[in-house]
Amino acid sequence: MKKLSTLILIIFAFIACNDDNVVEEKQEEVAVLKTPPQVKKYGFVINDYEVVEDTIRPGDSFGNIMGEQGVSLAKVYEISEKVNDTFNPARIVAGKKYMILKAKDSAQTPQFFIYEENKIDFTVVGLGDEIKAYKKQRPVSVKKREVSGVITSSLSEAMQDQGLSNLLVYELSNIYQWSIDFFRLQKGDQFKMVYHEKYIDDTIFAGIDRVEAAVFRHSDKPFYAFEYETDSITNKSSYYDDEAKALQSFFLKAPLDYSRISSRYSKRRYHPVQKRWKAHLGTDYAAAHGTPIVSTADGTVIAASYTSGNGNYVKIRHNNKYTTQYLHMTKRNVRNGQAVKQGDVIGFVGSTGLATGPHVCYRFWVNGKQVDPYRQNLPTAKHIEDAHKDEYYAYIEPLKEQLDKIPYKNI
């Protein structure tokens, strides 16, 4: 009986010992679970620092921001001098985000200043013993997408109906700005695209990388567009159609994006200010005050001035044959004699001169005579040469097949 009691005590002690071990193991597991996970941002484990995150406000300066964190004026000056080639503290922009990483000590000394230039690019400024600055990018992945849409009222609404970024509106309008008049889109016009989106860390949308191929069916005619590299040295690419013709034209269809034609070229129009019938030898585009106005082709500014009728205006000679003029600007953005490229902003929409509301009057000369630009057979950019057409057709064949397999959206 004594032996049996002893055996029971030993078993009980063993179980108790094992129970203690289980408790200890569970306590260790709980301790591990309570350890916060490492959070990485801009290449730093930010758990290791005291973190200050904010946005540059109007009137903020690098010196003021640093001063609020206890950095002396002498130190700010030293930092500015040493990093100026990589990061100019005087050019920080209101609205941009920044982060300050400070040491986890009693002084909480700032160690790094990180400035977001955009969603992808950022600059790191070392503030400690080793003062330096370097530029970095967040990891970006590119995803290929397909989409189709149909016009019910406007291109932007068609994109919104699909839940797509407005950036695609500008991509598509830029591709077809020489071949399709976006002021004359019709209900039922359709489009399809193969494009690439950029994502940060595979999750955060960071914009459109490029449009690889598209087709826009306008007035029952398909307009194909394929991005194709024509210069392997500069990696320059342009858009061409299914017949190897360039989509780019010598002239843009209009001097501004997304407005409406409020008055067309006419030999007889009732003038809303002068209250009489007279010729209107231009095309009026109504747009919001301050909308950028661009040059429709390369050229040289031959007039940037003001008159009581034209208001602020700019006139550009493109060659010996073509000249354009842009009237009623709130502000000019070029000077007389300046060379401009197609798409350069030359001024901003206003209502100066004889104007009842904000718009730009676009005037067009051929050999010194004012004409309606919509009735001109204007020159286009250089097409793909015959010697390279077979290579081009082989390149676009799978892209065209992919586009054609995407079903059109219908109203």
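This is a predicted model: local features need pLDDT of at least 70, side-chain atom pairs count only at pLDDT 80 or more; totals for chains, interfaces and linings use all residues.
**Entry 1: strand 23**

I looked up strand 23, residues 359-366, and checked burial residue by residue. Eight of its eight residues are buried, so the strand is largely enclosed by the rest of the structure. I then sorted the side chains by direction. His359, Cys361, Arg363 and Trp365 point one way. Val360, Tyr362, Phe364 and Val366 point the other way, and they too are buried. In a regular strand, side chains alternate between the two faces of the sheet.

**Entry 2: partners of strand 23**

Which strands pair with strand 23? I found strand 16, strand 20 and strand 24.

- Strand 16 (residues 283-286) pairs with strand 23 in the antiparallel sense, over four bridges. Here Tyr285 stands opposite Val360.
- Strand 20 (residues 322-332) also runs antiparallel to strand 23, and six bridges join the two. Tyr326 stands opposite Tyr362 in this pair.
- Strand 24 (residues 369-371) pairs antiparallel with strand 23 over three bridges. Val366 is set opposite Lys369.

I checked the turn between strand 23 and strand 24. The hairpin has two residues between the strands, and Asn367 takes a positive phi near 55° there.

**Entry 3: nonpolar cores**

I next looked up the largest nonpolar core, which has 25 residues. Leu155, Met159, Leu172, Tyr176, Phe191, Met193 and Phe216 have the most contacts inside it. Helix 4 (155-161), helix 5 (167-175), strand 9 (190-200), strand 10 (204-218) and strand 11 (221-231) each give two or more residues to this core.

Leaving aside neighbours within four places in sequence, Tyr176 is in contact with Phe182, Ala214, Val215, Phe216, Phe223, Tyr224, Ala225 and Leu247.

Another core, of 22 residues, lies apart from the largest one. Among its residues are Ala297, Tyr326, Phe364 and Val366. Two of these names come from strand 23, where Phe364 and Val366 point the same way.

**Entry 4: helix 3**

Which residues of helix 3 (residues 73-83) are buried? I noted Val76, Ile79, Ser80 and Val83. Seen down the helix axis, the buried residues fall within an arc of 95°, so they line one face of helix 3. An α-helix has 3.6 residues a turn, so residues three or four places apart point the same way.

I then turned to the face away from the buried side. Ala74, Tyr77, Glu81 and Lys82 are the exposed residues carried there. Last, I looked up what covers the buried residues of helix 3: the cover includes helix 2 (62-68), strand 6 (121-126) and strand 7 (132-137).

Terms used: Residues are numbered from 1 along each chain as its sequence is written. Side-chain values use heavy atoms; hydrogens and water are left out. Buried means under 20% relative accessible area, exposed over 50%, partly exposed in between (1.4 Å probe, protein chains only). Two strands pair if DSSP finds at least two bridges between them. A nonpolar core is a set of buried Ala, Val, Leu, Ile, Met, Phe, Trp, Tyr and Cys residues joined through side-chain atoms within 4.5 Å. Contact means heavy atoms within 4.5 Å. The arc is that of the directions from the helix axis to the C-beta atoms.
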